[in-house]
Amino acid sequence: MLVLGLETSCDETGVALYDSERGLLADALFSQIDLHRVYGGVVPELASRDHVKRMLPLIRQVLEEAGCTAAQIDAVAYTAGPGLVGALLVGASCAQAMAFAWGVPALGVHHMEGHLLAPMLEATPPAFPFVALLVSGGHTQLVRVDGIGLYQLLGESLDDAAGEAFDKTAKLMGLPYPGGPEIARMAEAGVAGRFVFPRPMTDRPGLDFSFSGLKTFTLNTWQQCQASGDDSEQTRSDVAHAFQQAVVDTLTIKCRRALKQTGLNSLVIAGGVSANKALRQSLEQMLGSINGRVFYARPAFCTDNGAMIAYAGCQRLLAGQHEDLSISVQARWPMEQLPAL
Ligand code: KG4
Ligand code: ZN
């Protein structure tokens, strides 16, 4: 089955062609980062309009790269939520219109299920069951995964998501949007141990997270440095390092706890923050110490992309799921509501 996948939940237009027999044939992405950077964050209306502009050229591009024609497409999968409603509606209406014109089924995919399954596109995919750490701009969740659609939420952020904490902290420190890669870049030059920040909620039982206090702690530290006349790039890097290390340690402690609680030793990390090198290293070390394994997607498939939507959609379409012609998207959509495959 050849599936066209469309991702438009936020500020990236992603398009891909996935074939159930031959694997990923082509994927293309247009990132709107430059468009939003001047505003310091995503402007929803600008995002929607840009998705409209990019969608058809990207579809033509993947068809050409894959050497396919539209007539060969068996189904269209699109992100139906969670995300920005206007942006989601662009993908949903394009998908439904094309599916109708081509006489093939369409299916709305859950964005976080897309992220969760993205490591399945790699050479050594994880096998069920596993624990998944989903860390994106909008979500931080620990989930027990027994199969596609068999999701048990173990813990989640009570306030900011991990990516959101990176983005907001970066902004407070005068770094551009999106802040995750910026902080990661600055942290590389940072001196470990000059500042030590708290590891929120690790001193009590449970698998929930809270990152907003850490953001304030970082701002206060940076402002104190500035007030004392020490606002050098080195100091900013040292603060970025301390912030990143606190997030990484906190996530690692909670992952170890989730693996112990479930008795599992496979961990999948997915979503934009799973591209973070310090996080990958820390989790690899922790999994090594318990004879386990950590799985993640290549960096381009950690952040938003069409390939994960084409893949997740294909699995559900193969199982016979599809939708009627209505165009409906959901800004909020708990992943546990998805039907099991
Ligand atoms: O999954 P994603 O592309 O979009 C959402 O579904 O939200 O995740 C984007 C988030 C942003 O907050 C971004 O700052 C963060 O992922 N991010 C990173 C890194 N690359 C992207 N955070 C930390 N380190 C990175 N290398
Ligand atoms: Zn995402």
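This is a predicted model: local features need pLDDT of at least 70, side-chain atom pairs count only at pLDDT 80 or more; totals for chains, interfaces and linings use all residues.
Me: Where does strand 4 lie in the chain, and how many of its residues are buried?

Reply: Burial is judged from relative accessible area, with under 20% counting as buried. In this structure strand 4 covers residues 75-81, and because seven of its seven residues are buried, the strand is largely enclosed by the rest of the structure.

Me: Which sense, parallel or antiparallel, does the pairing of strand 4 with strand 1 take, and which sense does its pairing with strand 5 take?

Reply: Strand 1 (residues 2-7) pairs with strand 4 in the parallel sense over four bridges, and Leu4 is found opposite Val76 of strand 4. With strand 5 (residues 106-110), strand 4 again forms a parallel pairing, here over five bridges, in which Ala77 has Leu107 as its bridge partner. Between strand 4 and strand 5 the chain passes through helix 3 (residues 85-102), and this β-α-β crossover is right-handed.

Me: Which residues coordinate the zinc ion (ligand 2), and how are the donor residues spaced in sequence?

Reply: The donor atoms are NE2 of His111, NE2 of His115 and OD of Asp304, at 2.0 to 2.1 Å from the zinc ion (ligand 2), and the spacing of these donor residues is H-x3-H-x188-D. Distant parts of the chain are linked by the pair of His115, in helix 4 (residues 111-117), and Asp304, in the loop between strand 10 (293-296) and helix 10 (306-318), the two being 189 residues apart.

Me: Are His115 and Asp304 buried or exposed?

Reply: With the limit for burial set at under 20%, His115 counts as buried because its relative accessibility is 1%, and Asp304, with a relative accessible area of 12%, is therefore buried as well.

How values were computed:
Residues are numbered from 1 along each chain as its sequence is written. Chains are lettered from A and ligands numbered from 1 in the order in which they are written. Side-chain values use heavy atoms; hydrogens and water are left out. Buried means under 20% relative accessible area, exposed over 50%, partly exposed in between (1.4 Å probe, protein chains only). Two strands pair if DSSP finds at least two bridges between them. A crossover is right-handed if, with the strands pointing away from the viewer, the path from the first strand over the helix to the second runs clockwise. Donors are N, O and S atoms within 2.8 Å of the metal (3.2 Å for Na, K and Ca); water is not among the atoms, so sites may look incomplete.
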